[in-house]
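Me: I'm new to this one. Can you walk me through it in short steps?

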Amino acid sequence: MEERMTYKSAGVDVTAGYDAVARMKKHVARTKIPGLLGGLGDFGGMFELPQGYKQPVLVSGTDGVGTKLQLAFMTGIHNTIGIDCVAMCANDIVCQGAKPLVFLDYIGCGVLRPELVEAIVEGVSEGCVQAGCALVGGETAEMPGFYKDDEYDVAGFCVGIAEKDRLITKSNVKKGDVLIGLPSSGVHSNGFSLVRRLFFQKLNYTADTKIPELSKTLGETLLTPTKIYVKSVLAALEIAEIHGIAHITGGGFIENIPRIIPEHLEARVNINSVPKQAIFELIEKLGNIEKRELYNTFNMGIGLVLAVPEKDCDAAVQALKGENPVIIGEVAERTGQSEGIVLAGI
């Protein structure tokens, strides 16, 4: 008699999905905040809008982690990559002055291993705690033959809220604004195609390689989670006027800072004021990479840049002192073909 086909024989084990959800629950519970309705397992995540807003505006963002995931595969460390996923979304929406409310994740994999999914969601939950938002749901998709059995992808979606008349847009940025940089925790989640090509293809290093300039192994250094700046920025907004915020992601300084600069102005950044980090110095030296290329690819040690009126600079720096803020430049009249930014020191 011909064997009966089942979903499991086709490569999808639904019981593994049930196990994964059960494992997630204790991590997701950490993210519960006022306004959350329903629970994990509902078809839709529900959140009640907070009271007190006159003209509430929803601000949303979505992103993934990119090829940094390859480092997780190489090291077997999977409980931090979810922090990166939350950071890439939550840091974006706080740039508009929005407080993150809810987050949803998506995990696609070749073979659903409950303990692996649990580790990923542990990181997502930790990121949500750091950002102050609730993990209201998500999706885990097992797709045999589409992903390799030992690989997966992660993406996320975040929604926040802001008062309409307090939204931060590039129209707020003025000549004379001071540019304050908040240090990054490392490479964050961008530029990893270049990083992997340099260290693991050109130099044939492994994730376990120990380099004297680094305090951890290469893999551990590169896997350092993206810094989440949400709570610090929201606190600063309560006591200081902030005209613009740029999240330094793919495209580095050169692409991201001009996104908050009006067309008649430019950001003048002194790169000598940017705190040096060993990992970027190694990338520059070992890869023989030009500085402009570096600043057009990586955060180079600054994960967030704020444009603040000079009168509020001291108050903003004080509010952000936990992030070790540094003054990296100013906003000035645009000159020539600057395209919104001039990097002094290159």
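Reply: Let's start with a term. Buried means under 20% relative accessible area, exposed means over 50%, and partly exposed lies in between (1.4 Å probe, protein chains only). This is a predicted model, where local features need pLDDT of at least 70 and side-chain atom pairs count only at pLDDT 80 or more, while totals for chains, interfaces and linings use all residues. Residues are numbered from 1 along each chain as its sequence is written, and side-chain values use heavy atoms, with hydrogens and water left out.

Me: OK. Are Phe253 and Tyr295 buried or exposed?
Reply: Both Phe253 and Tyr295 are buried. They also form an aromatic pair: the ring centres are 5.1 Å apart and the planes stand at 90 degrees, so the pair is edge-to-face. Rings of Phe, Tyr and Trp (its six-membered ring) pair if their centres lie within 6.5 Å; planes under 30 degrees apart count as stacked, over 60 as edge-to-face and the rest as tilted.

Me: Where in the chain are Phe253 and Tyr295?
Reply: Phe253 is in helix 8 (residues 252–256) and Tyr295 in helix 10 (residues 291–295). They are 42 residues apart, so the pair links distant parts of the chain. Helices (H or I, at least four residues) and strands (E, at least two) are DSSP runs, numbered from the N terminus.

Me: How many aromatic pairs turn up in the whole structure?
Reply: A search finds five. One of them is Phe280 with Phe298, a tilted pair with 6.0 Å from centre to centre and 55 degrees between the planes. Phe280 lies in helix 9 and Phe298 in the loop between helix 10 and strand 10 (302–308), so this pair ties together parts 18 residues apart in sequence. Both Phe280 and Phe298 are buried.

Me: Back to Phe253. What is it in contact with, leaving aside neighbours within four places in sequence?
Reply: Its contacts include Ile248, Val269, Tyr295, Phe298, Ile328 and Leu343. Contact means heavy atoms within 4.5 Å.

Me: Which residues touch the most other members of the largest nonpolar core?
Reply: Phe103, Leu222, Phe253 and Ile283, out of 98 residues in that core. Helix 3 gives the most to this core, with nine residues. A second, separate core has seven residues, among them Phe47, Val102, Ala134 and Val136. A nonpolar core is a set of buried Ala, Val, Leu, Ile, Met, Phe, Trp, Tyr and Cys residues joined through side-chain atoms within 4.5 Å.

Me: In which sense do strand 7 and strand 11 pair?
Reply: Strand 7 (residues 178–183) and strand 11 (residues 326–333) are antiparallel, over four bridges. Gly181 stands opposite Val326 in strand 11.

Me: And what is the order in the open sheet of four strands?
Reply: That one runs 3-6-4-5, again with mixed pairing. Its edge strands are strand 3 (56–64) and strand 5 (134–142), each pairing on one side only. Strand 4 (residues 99–109) runs parallel to strand 5, and eight bridges join them. Gly108 has Ala141 in strand 5 as its bridge partner.

Me: Now helix 5. Which of its residues are buried?
Reply: In helix 5 (residues 192–202), they are Phe192, Val195, Arg196, Leu198, Phe199 and Phe200. They cover an arc of only 165 degrees around the axis, so they sit on the same side of helix 5. That arc is taken from the directions from the helix axis to the C-beta atoms. Arg197 and Lys202 are exposed on the other side. Cover for the buried residues includes helix 2 (69–75), helix 6 (218–222) and helix 9 (278–287).

Me: Last one. Where is His188 found?
Reply: His188 is in the loop between strand 7 and helix 5. Its phi is near 60 degrees, a positive value in a residue other than glycine. His188 is buried, with a relative accessible area of 1%.

Me: What about Asn324, buried or exposed?
Reply: Asn324 is exposed, with a relative accessible area of 55%. Its phi is positive too, about 55 degrees. Asn324 is placed in the loop between helix 11 (313–319) and strand 11.

Key
Pairing = 2+ DSSP bridges.
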